[in-house]
Every structure is written in C-alpha cells, then in structure tokens.
Amino acid sequence: MRAGRPPVSALALPTAALADGSVEVLHWWTSGGEARAVGELKAAFEAQGGTWIDSPIAGGGGDAAMTALRARVVAGNPPSAVQLKGPGIQEWAEQGALADVDDVAKAENWDAVLPPVLAAIMKYENKYVAAPVNIHRVDWIWANPAVLAKVGVTTMPTTWDEFNAIADKLKEAGITPLANGSDPWQDLTLWDVVALGVGGAEFYQKAIVQLDPAALTSDTMVKVFDQMRKMRGYVDEGFAGRSWDLATRMVMNGEAAFQIMGDWAKGEFAAAGKVPGTDYWCAPAPDQGGYILNSDSFVFFKVSGEDKVKGQKVLASLVMSPSFQETFNLAKGSIPARTDVALDKFDSCAVKSHEDLLASIGNNTLVPSLSQEMAIPRSYRGEFLDLVTQFYNTDMSSADAVKALAAGIERARAQ
Ligand code: BGC
C-alpha cells in the first residue's frame, strides 16, 4: 500500500499562504500522549496564521465529548471541527449538520491516497465531510518484560490459553496480571479484543457488525463472555475511577504485567520516553488473523462566517498533509491514514500494525471497532456497552449475558 511513496524529506507542510482563519476544535485528547499529539496540530495550524480555539472534553473513548457535542448542536452553536468517527459521521450528516470540504479533497486528490475503507467513512453523498488523521489498531497487548521475567516468561502469549496460563502464574506470584480501569468503554475495549480473538473475524462481522441473531446467541458468544469473566479475575481490586492512561502507567511502572488497549497506549509510553522492545513489548492480542480498526478524524460542522469556513479548509488541508500525518502519528501511537507516508521514522509496533493491516485487508479479516464507535450506530453500541459493563461488574453468567445482549439488540432494533 505504501509502495512508490515519496521520501518524507520531500514532503512539506502545505504551502498555502498564511491563513487567518479560525477553528474551534472539540476533542477528547487530554492524556499525556494525546495532548502531545493534538499540540502538534494546534502548533501547525497557528504557524499558518490561524486562530485555534481548544475545546477539550476529558474522558477516554469520547463518550463525554459526544454528549457535549449534542448539547452544542442542539443549542445552535456547533464547534467548527470535531474529533468524531465511524457511523457517527453519517448520522450527523443525515441530520444536515455537516459542511463539506470536498473542494480541498478534490484539489489534493484525497481519493488517491486514502484506503478506500476509510475514504468511504469520510464521505456523505460522495463528498468529503471529514478528514482522517490516523489508523489506530485496537487489538494489542502491551507488556512489561521485566515483570514477565519475574515468573520466567520471555515471550508474549499467542493464544488465550497461553495468556490465561501466564496470568494465573502472575497472580500466584502476587503480581497483577492485567491493568484496566473502570470506564465502561475500557471494559468494552477488552471485550472487543476478546470477541475477535475467541470468535474470529467472521464471527465478529456477523455478531457485532451485522447484529445477526444466530451469531449473537451462539456458543461462540458464550465463550467470549467466559474469557471476559477470566479477564475480570486478572485485574486488581483498585480499578474504580482509574482512567486508561493510568492503567498504561501501571504497566510502565511494573505494577501490572499487561494492558489490552489500542495503540493510543503507545502514545503514553512514547511521552514517557519508553522504547518498544526494551522497556515494553507490544504484540497483537491472540487471534486467528484479524485487525480491529479505529481511525480518528475531524468532522466539519456547518458554521457561518468567512473566517470560520476558511479555518475549516485550512485545517482539512493541514491534517491530510503528509508531513503532519507523520509528526502527529509518531506522537499519537497510530500510523498515518494516508498510504503514501513512509514509515521510516516509526517503531516496530507501527510497522507491525501496517503489515497486519494490509494482510487483514487482503484476507478479509479487517473489522471495525465496536468499542471505538467504528462499527454500529450509537443506539446499538450502547446496548453492548451497558451489558458488557454489567457483566464485568457483577457475577452474571455467560449464558444470561448472551440472552440479555440479544434482547437488548432487539430492543434497539424496535426503536
Ligand atoms: C480514540 C483515540 C483516543 C482513545 C482514548 C479512542 O476512541 O480513537 O484517539 O486516544 O479513544 O481516549
């Protein structure tokens, strides 16, 4: 996909004349690594003469930001650019809330440099209403090798049985196997990864993307919850109120062995100066082939005023510029959304993400992330979110969870 790319040194920031546009950007990038990455965007926008109004809404996974966005739109005062993704883009577009930046996209030929799967998500009625910044992989395991060494483990698990065996060993040795926090979306992220790992990509597509009743109530789904129950047993008791980046810090500091989280966790390791392969390990979570896709994008809302409209176009061009995609993603832990940016400066985890992305596109095992709002509309995702969190925090059986999930999906369908 990246063949024939120009060397990074030949790619410069867009040469647009100094812009005096302004943008208000609503986002949820508030952790150490995230703030560093969005800081790059703000600096680049301001360097072009624009005015950046920052509207951060804390809360990993973006659920709080989406609530704030709805309130702003209802009040008739939307921000000009919003960190938003997946089917949410289409939902806002259908409500007539979005502005297109298709003139910029055409002039810069975005169609030629974006993977078709992403380009389709960014368009409404064949016009670009959003610009993608990155590709985040969700199905990763992060580990502290020094902690694993304490129980004689020298490689990453490649099956869930292996993962469970290592986790049991760690637990016996008094070490927390898995760092996780208490946000429902963190539980759903774990579940997302387990669902692909235990069920495989075909199952994931059927049960989670197509919401097929037979797949939703299958024995495989019971097995997914069984593994999720095990995961609950591997976290420490102090998880209440813990954000995802604090969970990453536990792995960094040797207070836990593993975290299962998208590669925004790598942004935290990077911000702390940690080196993959030495200070921490990354490996795809056990699976049967597959890749859970998440991609951040900026979506443009209808605003009035020449200054704001100009700001949107400048921002669109900037986030899609090759040099920005490189700088931003080096800080963010993700890989560029553009296919023509060289990965020379990226680490081994990023290279692996890119290789596996291509392989999964080739063998049809790429799946959109449920937990990160890439797969299905919010009303359906909400049913998974509530049920998985309830399961995680009670002693509900797997069989009951499967029944309740199927009933929830039916309820959402009837609405
Ligand atoms: C976003 C990432 C972000 C993470 C945690 C994900 O949904 O795609 O960019 O770092 O949430 O906040």
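Phenylalanine 384 touches Leu188, Trp191, Ala207, Ile208, Leu211, Leu216, Leu370, Ile376, Leu405 and Ile409, leaving aside residues up to four places away in sequence; contact here means heavy atoms within 4.5 Å. The model is predicted, with local features requiring pLDDT of at least 70 and side-chain atom pairs counting only at pLDDT 80 or more, while totals for chains, interfaces and linings use all residues. Residues are numbered from 1 along each chain as its sequence is written, and side-chain values use heavy atoms, without hydrogens and water.

Phe384 is among the residues with the most contacts inside the largest nonpolar core, which has 78 residues. Such a core is a set of buried Ala, Val, Leu, Ile, Met, Phe, Trp, Tyr and Cys residues joined through side-chain atoms within 4.5 Å, where buried denotes under 20% relative accessible area with a 1.4 Å probe, protein chains only. Helix α9 (residues 184-199) gives the most to this core, with eight residues; helices are DSSP runs of H or I, at least four residues, numbered from the N terminus. A second, separate core of 61 residues includes Trp52, Ile121, Phe301 and Leu343.

The chain is divided into domain 1 (8-136 + 295-353) and domain 2 (137-293 + 359-414), with bounds from an automatic or database domain assignment. Their centres, taken over C-alpha atoms, are separated by 27 Å. At the interface, 29 residues of domain 1 are in contact with 31 residues of domain 2. Three salt bridges are counted between the two domains, a salt bridge being a side-chain nitrogen of Lys or Arg within 4 Å of a carboxyl oxygen of Asp or Glu. Lysine 266 forms a salt bridge with aspartate 347, their closest N and O atoms being 3.0 Å apart.

Terms used
Buried means under 20% relative accessible area, exposed over 50%, partly exposed in between (1.4 Å probe, protein chains only). Helices (H or I, at least four residues) and strands (E, at least two) are DSSP runs, numbered from the N terminus.
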